[in-house]
Amino acid sequence: MVEDRTLAGRLFGIVNFALLALIAIVMMLPFIHVVAGSFTTSAEMAVKKFVLIPTDWSIDAYKFIFSTNTIFRSMAVSVGITVVGTLFSMLISSMMAYGLARRDLDGRQVFMFLVVFTMLFNGGLIPTFLVVKELGLIDNYAALILPISINAFNLIILKNFFQNIPEGLEESAKIDGCNDFGILFRIVLPLSMPVIATISLFYAVTYWNTYLNAIMYLNESKMWPIQVLLRQIVVLASGLDYSSDLDSAVPPPDQAVKMAVIVVATLPILLVYPFLQKHFAKGALLGSVKG
Amino acid sequence: MQQAIARPEPELRSESRLSRRLVRNKWLYLMILPGLLYFVIFKYLPMYGLIIAFKDYKPFAGINGSEWVGFKHFDRLFTESDFGTILTNTLVLFGLNLVFFFPIPIILSLMLNEVRLTFFKRIFQTIIYLPHFMSWVIIVSIGYVMLTMDGGIINEFIASLGFEKINFLLSPEWFRPTYIIQVIWREAGWGTIIYLAAIAAIDPQLYEAARMDGAGRLRQIWHITLPAIRSVIIVLLILKIGDVLELGFEHVYLLLNSMNRDVAEIIDTYVYTAGLRQGQFSYSTAVGFFKSLVGLVMVVIANRLAKKMGEEGVY
Amino acid sequence: MNGKVPSILLSMALVAGALTGCGGNDNDNETSSPKASEPASSGSPSASTPASETPKDEKPTEITIMLPLNTSETPPDTIKNEVEKLTNTKLTYQFFPADTYEEKLNASLATGSLPDVTYLKNQATFIQMKGAIRDGQFWEIGPYLKDFPNLSKLKEQILNNTKVDGKLYSLYIGRPLARQGLIYRKDWADKLGLKAPETVADVVAMAKAFTEKDPDGDGKPNTIGLADRNDLVYGAFKTLASWLGTPNNWGEKDGQLQPDFTFPQYIASMDVMKEIRDAKAMNQDFAATSKTDQVNLFTSGQAGMYIGAMSDVDSLNKDLVKNVPTAVVDTQALIKGPNGELSTWAIPGYNNVVLFPKGAIKDEEELKKVLAFFDKMMTPEVANVMYWGIEGTHYTVEDGKAKASDNKELTEREVKGFKDSVIGEAETNGMYEGYYTLEARIHAEEFTVENEKIAIHDPAAALDSATYTEKGTELQNIITDATYQYIYGKLDKAGFEKEIATWKSRGGDKIIEEFNAAYKK
């Protein structure tokens with residue numbers, strides 16, 4: 001690490017740090033509120049409104065959520081889809097991104113344009129549903145993966161990063177007898193760990209958040225991922241249905257439950273990023289190869 | 001034909017080079033094939049459905065069975081008496097996004113990069129992307145708790161200082177600030193992730209060399225860090241411009257109420273009430289089509305500009 | 001690599017085929033058709049009331065049912081198994097979360113995959129479906145009802161409210177007509193020497209007193225009268241307006257139907273709300289307040305009045321006493337206007353309907369079997385199971401009413417999912433009324449019954465207007481906004497009139513015309 005011992009440098013560092021600390025606190029507060037709220041009762045939340053430290057500790061909310069098999073089963077489903085989906089998406093996205101990053105590929109501009117085009121124009125829910133249905137994917141977990149296997153934005157980012165790998169490396173790999181697949185898997189990917197980690201995270205979050213696709217393509221409620229269950233709890237607890245319909249004979253769940261749901265829904269994904277942060281230090285590798 | 005050997009015809013030359021290139025790059029084409037298949041099947045095939053923007057679509061009649069109405073829906077959109085206001089509102093929010101939100105993840109990632117202690121760097125990074133995981137429902141409801149005149153924290157604080165309470169939630173003047181602050185709060189941290197990935201690829205020796213030359217930290221940032229992430233910034237900027245009319249529906253919808261509708265009604269919320277709530281798919285598709293078209297034009301222009309300035313565009 | 005080309009082409013061909021309007025023709029849903037062993041004579045054999053008389057040699061009718069999910073998880077099979085036994089059916093329930101139910105409904109409609117029995121979501125979805133209904137996508141069940149003794153008990157008036165072009169296609173899930181009223185802190189009223197409000201003026205006075213006179217006795221000005229939310233219909237406004245005699249959505253003036261906001265009582269109602277708000281006797285930000293926050297205001301002990309569905313009093317009380325153990329609530333209705341007018345508004349009597357898609361039910365025989373199932377649902381045996389659960393496990397009977405067991409979680413998990421699917425109402429399907437221990441709730445039930453006598457119905461409930469279907473909701477925003485702005489003092493009477501004129505010029509006039517044309521018929 002480069003140390004900077006000049007006064008200006010130190011001052012800069014301190015101010016920088018202080019600002020970031022302040023920002024971090026501001027970002028944290030509402031999250032603390034959610035976590036605190038999940039450990040209290042809805043009665044207390046009504047009074048205190050913005051709870052940071054619960055006075056009335058209770059894990060009732062969590063007990064409620066974890067008291068059935070549904071949550072474990074749906075969490076297993078979510079984990080399964082996320083892992084498989086992320087791997088699959090990263091595989092075909094990386095391949096396509098690398099192919100399009102190579103300047104000697106004819107038609108790459110056209111292909112890229114076609115990709116960008118799909119970011120702007122979208123057929124819509126029902127036409128996409130029709131396609132999935134005709135492919136026989138209804139009530140099949142593949143319906144939660146295939147229709148979203150490549151995210152155009154992610155693809156563009158990958159391509160952009162791959163483009164920045166010096167061509168010299170590719171040349172020498174070719175001389176060594178690698179074909180394009182080899183170059184991708186042995187040279188490019190290892191050198192791109194930061195962006196690979198990043199895009200993997202993006203895909204993982206998308207798969208983890210699968211909700212609407214599950215409702216549309218899976219009629220069998222036993223197959224539903226966790227977001228369906230959790231969102232159902234939150235929506236019911238908020239009394240928030242956009243068509244402002246009430247009139248169910250069923251009263252909504254607890255406010256504290258709503259908070260607990262948020263914690264449960266986001267915790268797994270939150271834990272993923274810190275693990276990925278390790279890979280952000282790989283930039284040093286590039287320098288040593290060049291030298 | 002001994003003459004032909006020396007100088008092949010120009011046409012023949014490029015053709016053979018092309019076919020040779022295709023063959024030589026066959027693995028590359030193989031690599032992009034699965035992806036292309038994906039786009040064709042799951043993106044382009046459903047685009048056929050866009051045709052309902054020109055029809056009077058009824059789900060039970062199917063797409064082909066529905067009646068053709070040409071530009072009727074677009075007509076309806078443009079002659080909508082509030083169209084001007086709605087469009088303006090959308091553009092203003094986009095402008096706020098571009099000017100106030102867009103630079104922040106960049107600045108934040110630069111700041112994070114300057115933190116020397118890895119432990120804190122990681123902690124800060126993780127914390128600032130936490131808000132991204134909270135849904136707009138939660139964020140707006142927390143916003144309510146803080147901003148309401150009926151005992152909200154901020155207003156109570158203001159009142160205790162002797163000032164009059166501010167009507168954050170209902171007054172038109174406060175809608176836009178509330179909106180953009182919430183957007184920044186939620187997305188700024190998440191946006192840093194990509195920039196940090198790009199910064200991670202910078203060779204540390206560059207910094208070393210710069211220090212030897214006597215450059216202070218700000219200069220190092222300006223001459224090393226920023227240029228390294230420039231291409232990422234450009235790409236993200238172009239894509240953002242393509243989203244000119246595409247704002248987060250859910251967020252605005254939750255903030256919208258009868259008092260601030262004049263500034264808060266954007267195209268998406270308008271279409272929700274006018275289209276989807278009344279089961280009018282064709283109309284909402286037509287409006288979506290319009291938004292996409294505008295976005296496309298903007299992306300094409302932005303991309304061309306970028307290339308003129310010597311950058312790699314998005315395509 | 002070459003194998004992919006034919007499969008792409010095949011997929012494209014399939015999609016092209018699918019996109020050519022397969023509504024109703026394509027039947028690839030999960031239903032197996034009911035066995036056709038039953039003679040198609042009039043009077044379904046298994047429709048007699050006691051379910052135990054079902055002939056045992058008949059094969060069970062297989063029915064697939066699609067309905068909204070109003071609980072966190074889909075219920076286990078406990079109740080379903082019981083119902084199957086009682087009705088000789090084999091049921092497949094498909095629950096889908098309520099807030100994305102419409103998308104699912106439309107996608108299924110678009111692909112002809114609606115199951116035998118399709119619940120809609122609410123009145124709004126019903127209006128959207130009318131186009132499909134008119135197109136012949138669903139069975140007209142009106143003529144068959146007379147063959148089923150229990151189905152015939154469904155209330156005529158409510159059935160009429162669900163007719164499309166004079167024909168009946170649906171069974172309704174009933175709701176009490178008029179359960180709006182006032183819930184208030186009786187302990188505060190007692191402390192301040194106020195009795196239960198009898199007129200609107202009393203209500204306003206109570207709101208002010210609750211705000212100004214420190215009813216919780218803590219010496220701090222931290223209480224307000226009314227807690228309201230951003231809903232003019234199910235919040236306080238419409239109910240208050242009805243107490244002042246405002247028509248319900250539409251009213252007659254000189255033989256013509258006119259919208260409620262053109263009547264002087266509407267303006268008077270806005271004035272009352274304005275008065276309360278100006279006196280700071282209600283939450284200032286009510287136009288942005290969600291139901292959660294409204295409820296919080298009450299249950300935290302900050303607000304003392306809540307105007308809405310009186311049946312909410314149980315859950316309000318539950319949380320209130322956790323915060324304020326000495327709190328006592330009560331309900332009040334039958335509140336008079338300044339000139340002695342006594343009225344309240346009625347919903348059309350249903351909150352959801354069931355339809356029978358022709359794509360899933362192939363012929364009359366199948367239809368009759370499905371209807372037979374619903375006929376049995378309208379008996380106490382089956383209705384009680386679906387609404388209350390299994391006697392002894394989920395509820396006990398006291399005083400001829402059903403008392404929910406203390407194991408609320410069990411009931412929530414196993415029974416609640418089915419509650420909203422019971423057709424009819426207690427009077428017609430014979431199920432138990434609820435046994436309530438909370439005084440306020442008992443009063444609420446009594447008031448709900450009394451309310452029916454003074455209820456104002458919406459004369460346009462069963463009528464159709466093409467313009468309303470096309471842009472009624474978006475036009476209504478003009479009026480909703482104007483109402484809020486008037487109450488907040490941003491608009492005066494002249495300004496309000498101007499907004500009405502805007503509403504009329506943008507299509508409101510046509511709506512009036514069309515409803516009146518339908519009314520005359």
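**A walk around the chain C sheet**

Start by selecting residues 313-323 of chain C: this is helix H11, and it lies across strands S5, S9 and S10 of chain C. Look along the helix and then along S10(C), and you'll find H11(C) running at about 160° to that strand.

Before going further, colour by confidence, since this is a predicted model. The complex comes with an ipTM of 0.87 and a pTM of 0.86 from the predictor. Chain C averages a pLDDT of 86, with 89% of its residues scoring at least 70. Now pick residues 1-54 of chain C, where pLDDT stays under 50. The model does have 89 contacts beyond four places in sequence for that stretch, but where pLDDT is low, the predicted coordinates should not be read in detail.

Back to the sheet. Show S6, S9, S5 and S10 of chain C, in that order: four strands forming an open sheet with mixed pairing. Select 224-227 (S6) and 329-332 (S10) of chain C next; these are the edge strands, each with a single partner, so one side of each has no neighbour in the sheet. Turn the view to follow the twist, which averages 25° from one strand to the next.

Zoom in on S6(C) and residues 303-309 of chain C, strand S9: the two run parallel and are joined by three bridges.

Notes
Residues numbered from 1 in each chain as written. Chains lettered and ligands numbered in written order. Predicted model: local features only at pLDDT ≥ 70, side-chain atom pairs only at ≥ 80, totals over all residues. Heavy atoms only, no water. pLDDT = per-residue confidence, 0-100. Contact = heavy atoms within 4.5 Å. Pairing = 2+ DSSP bridges. Axes fitted to C-alpha atoms, helices over the stretch in contact; angles between N-to-C directions.
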